[in-house]
Structure formats: structure tokens, C-alpha cells
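Hi,

Here is the structure I promised to pass on to you. Have a look at it first, and then read on for what I found in it.

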Amino acid sequence: MDPQVFIFHRRAVCQLAWHQSDHPGRIGTSPISSIPYTLSIGFPLSLGMFTLFYSLLLIVIQLVILGRRFPRQFWLQLPVSLGFSLFIDLSMGSLWFLSPEPYPVKLICLLVGCLVLGVGVFMEMAASVVMLPGECTIKAISSTWNKDFGKTKVAVDLTMALSAAALGFFLYGALTGVREGTLISALLVGLIARWINQHLGSRAQALLSVDASASPAI
């Protein structure tokens with residue numbers, strides 16, 4: 001399987017696992033999906049559609065930040081976002097069985113999801129081919145203001161989670177879709193990606209360079 005396809009598949013499955021188990025008494029959805037999920041609760045559009053619109057908004061933010069420095073390969077976010085959003089809608093029913101009840105099991109699922117998402121973010125950055133709009137936005141911010149990517153991701157994820165919480169209170173008068181799991185994910189995923197990059201980044205880049213040179217030209 002192509003590495004990029006594998007990354008998007010793992011990311012989507014982990015986010016869907018959060019969505020599938022999120023109702024009153026659960027531990028919240030992932031930060032990057034918290035705003036689309038909060039909107040999908042009270043409006044007729046699907047989670048995938050709101051994810052697509054949110055991705056387009058993030059691309060506009062990147063254009064504002066980068067201006068003429070907006071890389072051509074960043075336009076690949078458009079088909080990737082469409083495919084990712086479609087995959088979310090098509091796969092929502094496939095995880096009906098994933099609904100852990102004991103709180104320790106929920107935390108274990110959350111931590112495993114954070115680990116996989118952190119690895120996925122690192123692989124996206126290492127491959128440097130195409131990223132989802134969330135990571136492209138973080139890269140735009142970190143490169144423009146010369147900030148560490150991992151720390152920037154933590155800050156952006158926390159901002160998204162707090163924005164979703166405020167949106168839930170504004171629309172529904174209650175905290176909806178955002179709980180402790182959202183904040184834990186916001187703190188951990190960026191730190192995991194940063195730790196992996198510090199310890200394995202050079203090896204991954206060397207491996208990808210070897211693979212690229214060995215691949216036939218298209």
C-alpha cells in the first residue's frame with residue numbers, strides 16, 4: 001500500500017473511532033475534527049461534508065499566511081481533503097462495534113489513537129509529499145514565524161478544541177463533542193510527533209531518499 005494512502009487510512013480510522021464513541025459520558029473527539037463534529041450535531045450536513053468545508057477554510061488561512069510563498073504541492077490538499085471527507089462518511093458505520101464502556105478502556109483506546117496519529121503526522125512531514133490541511137496549516141505557521149512544528153501543533157490543536165467548546169456553548173448551551181480526551185489528544189499528538197522526529201527524523205529522511213531514488217520515474 002502507498003505510504004500516503006496508509007497514513008490517511010490510519011488517520012481517518014482513529015478519528016472515526018473517537019466520533020463513533022462520542023455521546024454524553026464519553027471522552028470527546030479529536031481536536032482537528034472537533035469543530036466539524038460540533039457543527040454536524042445540530043445541522044443536517046454530514047461530518048464528512050463539514051470536514052471538507054473546514055479543510056477548505058484551513059487552505060484559505062494558509063493562503064493568507066503564506067501569500068506568494070504558498071507551495072504548489074499544497075494544492076494537492078484539495079483532492080486529498082475531498083477523498084478524506086468522503087472516506088469519513090463512507091466509513092462511519094463500519095466502527096459501530098467500537099464503543100468501550102469501562103473508563104480505563106476508553107483511556108487506552110485514546111492513548112493508542114494518539115500514538116497512531118502522532119506517528120501519522122510524523123510520516124506526513126517526513127514524506128513531504130502531501131499533507132492534510134491541518135498539518136499544512138501548522139507547517140505554514142511554524143515556517144512563517146520560525147516556530148517548532150510539534151509545539152505549534154499543540155498550540156493549534158488546543159485552539160481548535162477551545163474554539164469547538166465555545167461553539168458548542170454558543171449553539172447548544174452545553175459542552176458538546178469536546179472533553180478531556182480532546183485536550184489529552186491536543187497535548188499528546190504534537191509531542192509524540194516531535195519526539196519521533198527528534199529521534200528518528202534523520203533516519204526516516206535517509207530511508208525516504210533511498211526509496212525515492214530506487215523508484216522508477218513516472
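Let me start with the rings: the aromatic pairs in this predicted model come to 3. One of them joins phenylalanine 43 and phenylalanine 50, whose ring centres are 6.4 Å apart; the pair counts as edge-to-face because the planes stand at 65°, and the cut-off for that class is over 60 degrees. Elsewhere, Phe70, Phe74 and Trp75 come together as one aromatic cluster.

Together with Leu45, Met49, Phe53, Leu56, Leu63 and Leu78, Trp75 makes a nonpolar surface patch of about 570 Å². Helix 3 gives the largest share of that patch, with 4 residues. Leucine 78 belongs to helix 4, which spans residues 77-91, and with a relative accessibility of 35% leucine 78 is classed as partly exposed.

Now the overall picture. The protein chain has 8 helices and 0 strands, so if you write out the pattern along the sequence, you get α-α-α-α-α-α-α-α. Of its 218 residues, 44% count as buried. The accessible surface is about 11400 Å², and carbon and sulfur atoms hold 71% of it. Among contacts with a separation of 6 or more, 74% are between residues 24 or more positions apart.

Two residues illustrate such links along the chain. Aspartate 157 sits in helix 7 (residues 149-172) and is buried, since its relative accessibility is 3%. What does aspartate 157 contact, once neighbours within four places in sequence are left aside? The partners are Pro31 and Ala186. Isoleucine 32, for its part, is in helix 2 (residues 31-42), and at 21% relative accessibility isoleucine 32 is partly exposed, given that buried means under 20%. From isoleucine 32 to threonine 159 the C-alpha distance is 9.8 Å, although 127 residues separate the two in sequence.

Asparagine 146 is not a glycine, yet its phi is positive, at about 55°. Most residues other than glycine have a negative phi. Asparagine 146 is located in the loop between helix 6 (133-144) and helix 7, and it counts as exposed because its relative accessibility is 70%.

Finally, a word on confidence. The mean pLDDT of the protein chain is 79, with 78% of the residues at 70 or more. Which helix has the lowest confidence, and which the highest? Helix 1 (residues 3-20) is lowest, with a mean of 49, and helix 3 (residues 47-66) is highest, at 95. Two stretches keep a pLDDT under 50: residues 1-7, with 7 contacts beyond four places in sequence, and residues 17-25, with 28 such contacts. Where pLDDT is low, the predicted coordinates should not be read in detail, so please treat those contacts with that in mind.

Happy to talk any of this over once you have had a look.

Best wishes

Methods. Residues numbered from 1 in each chain as written. Predicted model: local features only at pLDDT ≥ 70, side-chain atom pairs only at ≥ 80, totals over all residues. Heavy atoms only, no water. Helix = DSSP H or I, 4+ residues; strand = E, 2+ residues; numbered from the N terminus. Buried < 20%, exposed > 50% of the residue type's maximum accessible area, 1.4 Å probe, protein only. Phe/Tyr/Trp six-rings, centres within 6.5 Å; stacked < 30°, edge-to-face > 60°. Contact = heavy atoms within 4.5 Å. Areas by Shrake-Rupley, 256 points an atom, 1.4 Å probe, with all protein chains shown as cover. pLDDT = per-residue confidence, 0-100. Patch = residues over 30% accessible without salt bridge, like charges linked within 9 Å, V, L, I, M, F, W, Y side chains within 5 Å. Salt bridge = Lys/Arg side-chain N within 4 Å of Asp/Glu carboxyl O.
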